[in-house]
Amino acid sequence: MNCPREYGSDQQRRTYINSHMSELHPVMKKLRQLMETHPRGFIMSDPNPIMVLSNMLKLAAVKKCIEVGVFTGYSSLAWALSIPEDGKVVACDISTEFTDIGKPFWKEAGVDHKIDLRIAPAVETLQSLIEAGESGTFDFIYVDGDKLNADVIYELSLKLLRTNGIIAFDNSFMHGYLLKPEEEDERQDVPVIRKLNVKIQQDPRVTAVMLDVGDGVYMCRKN
C-alpha cells in the first residue's frame, strides 16, 4: 500500500493538531479569551508550543526559569504553573503596559509569588543575574522578545543555564520570512534571527532542534 504524498495543507494540519490538544488551565483560557478582542492580541504565544514546553518543564522537574518578552504574561503563567512551589520565573519586559493585564491572572491562578517581574531591558536583567552570582543555575530560558539583541541574549543565557538546561527561541520562522530568500528580508530583525539560527546549528556548545510548532521554536540544550 502506497502512502499518500500529501497530508493536507499547513493550515489543515495545524487546525487538526490544536483541536486535539488537552484543555488549557482555566485561568490561561480566560486570559486567551480576554486577548481575543485586544488590538495586540495576535502577539500572544500560540498555545501549542506553550503546551509542549510546559510538559517538558514538568518532565525535567524544572525550578528556575527566565522569560524574555512577557507581553500579557500568558507564557509566564504557563511556566509558573509547571514548576514547584519553590520555583521561580524571572520575567523580563520593558513596559508594564501589557504585563499589568496579566498580573491579576497570575494571582488568580495562585502563582504570582513564583513570578519575579523585572521591568528593564532584558540584556541588563540577564547581566545583573550573572553579576549576582546566578550563572549556571537556571534550568530553562524562553526568548520571545527583543529580537534585535537575540545574539547577546543567547550568549548571556548560555552563561546562566546549567549543563543540560534549555534555551527555547520562539518565532524561529519569523512569520515565514526566514523561509524566503535572504534578499527579500523586509524587517530589521529578520537578518538577526537568520544569522542566529545558523550560529546555533553550528555551535558545539549546544545540541539544537527546531520544532515545527506555532511560528517555530528553536530548542537548544546546553552541552
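**Notebook: a serine and a sheet**

I looked up Ser 157 and found it in helix H7, residues 150-160. Helices here are DSSP runs of H or I with at least four residues, strands are E runs of at least two, and both are numbered from the N terminus. The model is predicted, so I note the limits: local features need pLDDT of at least 70, side-chain atom pairs count only at pLDDT 80 or more, and totals for chains, interfaces and linings use all residues. Residues count from 1 along each chain as its sequence is written, and side-chain values use heavy atoms, without hydrogens or water.

Buried or exposed, I asked of Ser 157? Ser 157 is buried, at 0% relative accessible area (buried is under 20%, exposed over 50%, partly exposed in between, with a 1.4 Å probe and protein chains only). I set aside neighbours within four places in sequence; Ser 157 then contacts Leu 126, Ile 141 and Ile 167 (heavy atoms within 4.5 Å).

Next I traced the sheet. Seven strands form an open, mixed sheet, ordered E3-E2-E1-E4-E5-E7-E6 (a pair needs at least two DSSP bridges). E3 (115-119) and E6 (206-211) are the edge strands, each pairing on one side only. The twist averages 15° from one strand to the next.

I checked one pair. E1 (residues 64-68) and E2 (residues 88-93) run parallel, joined by five bridges. Lys 64 has Lys 88 in E2 as its bridge partner.

Last, the helices. H3 (residues 47-59) lies across E1, E4, E5, E6 and E7, at about 175° to E4 (axes are lines fitted to C-alpha atoms, for helices over the stretch in contact; angles run from 0 to 180 degrees between N-to-C directions). H8 (residues 190-202) lies across E5, E6 and E7, at about 35° to E7.
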